[in-house]
Amino acid sequence: MRLLVLFFTFLLASVAHADRIFVSNERSNTVTVIDGSTWEVLTEFPAGLRPRGITVSPDGSKLYVCASDDNLVRVFDTSSYEELFTLPSGPDPELFVLEPNGRRLYIANEDDNLVTVVDTQTKEVLAEVPVGVEPEGMAISPNARIVVNTSETTNMAHFIDTETNTIKYNMLVDQRPRYAEYTSDGTRLFVTAEIGGTVSVFDIDGDGAPTEVGKISFQVAGVQPEWLQPVGAKVTSDGQWLFVALGPSNRVAVVDAKTLEVEKYILVGERVWQLAFTPGEEYLLTTNGNTNDITVIDVASQEAVRSIPVGQQPWGVIVAPGIN
Amino acid sequence: MMRSVLSVILACVASIAGAADVNTAIIRVEYPQLAPISRFEEKTADLAFAGADLATQDNQTTGQFLGHNFKTIHVAAEPADVVSAAAELRAEGIEIIVVSARADELLAIADAAQDALILNAGAADTALRGAECRANVLHLTPSDAMRADAVAQFSVWKKWTRWFLVRGSNPADIQLAEEYKRAAKKFGVNVVEEREILDTGGSRRADTGHVLVQKQIPVLVQNPKRHDVVIAADASDVFAPYLPFHLWDPRPVLGSAGLRPVSFNPATESWGGTQFQTRFEKLSGRYVTEADYDAWLALRAVGEAVVRTGSADPSDLRTFMLSDDFELAAFKGQPVTFRKWNGQMRQPILLYDGRINASVSPQEGFLHPVSPLDTLGADEPETDCKAFGE
């Protein structure tokens, strides 16, 4: 009888599976796993040296982590948290973006001024694309034809043609571009500039060519403008709201992604870095590097609703959708 | 149709017109001098040059996307030869020169090459930004006034408002002590006592030098008035590093030893600093120095101005660098810019104990109508510089 109960419990656990939140902790060399329905911390597992960029495969089964100081990408099973294999990444991988079909991974190599293209199935390096100094932000157009990389010291967004693996367009942006984010229809691109304190907005035409259409700046009464440093950014899939993490100002800005007006600032933990939506975009999660926690923001009400302690210096966050 | 063809052509022309060949040089002046107190500070053959090379490498990586070409040549010159070295560079068509030198040689070069853009990457003398300023010189190195203010602000933040000032006997030490006295006044600090340690040219680092030091220094600083901290003004590098553990009364030391105000150091990893350190160490095989960072900053400022203007003309670049449109990320957490009234780069000052940054000035709460960075050093209303009339 007891065995039977155990068996059913096991069955239930493995079938009805809540969303799992994965947070890379840059300083404790771990990934924290959080249950997306109870907000409980399930575990924290070793993830290699200096884990930063983090993403999941489209089917939610694999977790990819940039282990920056191991100079490779570690791939884990999102259920068992076991390491499945590693991928070559080139030196000091910081951020990456996975092709929507899950095949090719585009990795920014911060120390070598390269974007490395890796096949996640054959585990081979397909190409190395020379870009500007200190490549960081990575985004891919929804049709997978263009990969955008931002280079922090060159202050450019490089638009890489994914067929030829060569740069098609270069756009200057403000100082220290950190992150790039396309709208889900691919017609608009946002590029954050940490030291410049701005977000450059580009309209993207049918060929993927960018035209700068505006620049978003931030101001908060009582906060020195120097602390309003845009880092991570996420836009809702309806293209209406852009959320921008403002680093040491401990705030997330809510921007009308159409009018480019800043509507609100949400106070979160300290040194807010990267953002991720839960699968239905009900919640936005923020990593707070100095308070070692994540903040959960209710997207509809645009309010911070809770914070959850994680490892040391949380950097990136991603959610693997649950199985119902 | 015609119109779109025309606009395509114009776009091409615009990008071609933007391509520039940027030929620069760095002059490092070689002074006869004693070995430093600490062998950690011995000068390397590529001092300052390596920083310039890293900037040129960074600029070139960026420039390749816009058709710009950056080159930097190295010149190591004796103090007596700086004018001819500058003339040779001018004859080769080089109009942008980084100078890693002391004040006299910097001014000699600036006055001999008045049509060139001179970038001061080494001389901290406040007067070079004041009465002795030159229109063709921009200063990357923070002035002694900025450094003294950085220390004073931190000291006030800590409520350490009674200073025991210990200075050397050479003119540069006396000048540095003046900076600290001025900073004390500016921020409401009380210099309770000032004492001189005479430079007798004694044994500094001999086999048993420490025995002598251990006996002499406490005697020189005994029975001071009640104070919170000791401020060391030792521009000549004669005694300051010995102060922290040879004082009569145990107190923290700031200034030329203990907690030092610097433009950069190899420990800085915040604000993307790790990437700068990694790039520099890969290129040079050693840790970065202030001389390297200042030279890097000089040529990165030039590179940024070239990228944004598409010009390599020193006068265009100077105009842009002094404008509101110029800003640069410099691994210090906020954009650095130039002061229009004297060409000094505004920047945070790191307070470094030799292993970590204990703090960074400006400190919280020191307010300014334009930028908190302008609480460090001479501000516009108090400047003696007349060469930067707008």
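Author: A residue is called buried when its relative accessible area is under 20%, exposed when over 50%, and partly exposed in between. Please keep in mind that this is a predicted model.

Reader: Thanks! With that in hand, is A:Thr162 buried or exposed?

Author: A:Thr162 sits in the loop between strand S14 (156-161) and strand S15 (166-172) of chain A. Its relative accessible area is 6%, and the cut-off for burial is under 20%. A:Thr162 is therefore buried.

Reader: What is the phi of A:Ala144, roughly?

Author: A:Ala144 is in the loop between strand S12 (135-140) and S13 of chain A. With a relative accessibility of 15%, it counts as buried. Although A:Ala144 is not a glycine, its phi is positive, at about 65°.

Reader: And A:Gln302, what value is its phi near?

Author: A:Gln302 belongs to the loop between strand S26 (293-298) and strand S27 (303-309) of chain A. It is buried, with a relative accessible area of 11%. This residue, other than glycine, has a positive phi, near 55°.

Reader: Let's turn to A:Thr150. Which residue has the backbone oxygen reached by its side chain?

Author: A:Thr150 lies in strand S13 (residues 146-151) of chain A, and at 0% relative accessibility it counts as buried. Its contacts beyond four places in sequence include A:Glu134, A:Met156, A:Tyr179 and A:Val191. The side chain reaches a backbone oxygen at 3.2 Å, that of A:Pro177.

Reader: Moving to chain B, how far apart in space are B:Ile356 and B:Pro266, C-alpha to C-alpha?

Author: B:Ile356 is found in the loop between strand S13 (349-352) and strand S14 (357-361) of chain B. At 48% relative accessible area it is partly exposed, and it touches B:Ala267 and B:Leu351, leaving aside residues up to four places away in sequence. B:Pro266 is 90 residues away in sequence, and the C-alpha to C-alpha distance is 9.0 Å.

Reader: Which cysteine forms a disulfide with B:Cys133?

Author: A search of the whole structure turns up 1 disulfide over all chains. It links distant parts of the chain, from B:Cys133 in the loop between strand S4 (117-120) and strand S5 (137-139) to a cysteine in the segment after S14, 252 residues apart. Both cysteines are buried. The sulfur atoms lie 2.0 Å apart, and the partner is B:Cys385.

Reader: What handedness does that disulfide have?

Author: A disulfide is a covalent bond between the sulfur atoms of two cysteines. Because the torsion about the S-S bond of B:Cys133 and B:Cys385 is about 80°, the disulfide is right-handed.

Reader: Where in chain B is B:Pro362, which follows a cis peptide bond?

Author: The peptide bond from B:Ser361 to B:Pro362 is cis, with omega near 10°. B:Pro362 is found in the segment after S14 of chain B.

Reader: Which elements of chain B do the buried residues of H4(B) pack against?

Author: In helix H4 (residues 103-112) of chain B, the buried residues are B:Ala103, B:Glu105, B:Leu106, B:Leu107, B:Ile109 and B:Ala110. They pack against elements of chain B, namely strand S1 (21-29), helix H3 (82-91), strand S3 (96-100), S4 and S5.

Reader: How much space lies in the largest cavity?

Author: There are 3 cavities of 30 Å³ or more. The lining of the largest cavity includes B:Thr126, B:Arg129, B:Met146 and B:Gln344, and it divides into 2 nonpolar, 5 polar and 2 charged residues. The space in the largest cavity is about 40 Å³.

Reader: And the second largest pocket: which element gives the most to its lining?

Author: This pocket holds about 1700 Å³ of space, and of its 47 lining residues the closest to the centre are A:Trp227, A:Arg271, A:Asn290, B:Ser270 and B:Trp271. The lining divides into 13 nonpolar, 19 polar and 15 charged residues. In chain B, helix H8 (273-284) and S14 each supply at least two residues of the lining. The element that gives the most, with 5 residues, is S14(B).

Note on methods:
Residues numbered from 1 in each chain as written. Chains lettered and ligands numbered in written order. Predicted model: local features only at pLDDT ≥ 70, side-chain atom pairs only at ≥ 80, totals over all residues. Heavy atoms only, no water. Helix = DSSP H or I, 4+ residues; strand = E, 2+ residues; numbered from the N terminus. Buried < 20%, exposed > 50% of the residue type's maximum accessible area, 1.4 Å probe, protein only. Contact = heavy atoms within 4.5 Å. Disulfide = S-S within 2.5 Å. 1 Å grid on protein atoms, 1.4 Å probe; cavity = no way out; pocket = protein on both sides within 12 Å on 5 of 7 lines; lining within 4 Å. Points joined across faces, edges and corners; volume = space filled by probe spheres on them. Nonpolar A, V, L, I, M, F, W, Y, C, P; charged D, E, K, R; others polar. Polar contact = N/O pair within 3.5 Å; in protein donor to acceptor, adjacent residues only side chain to side chain.
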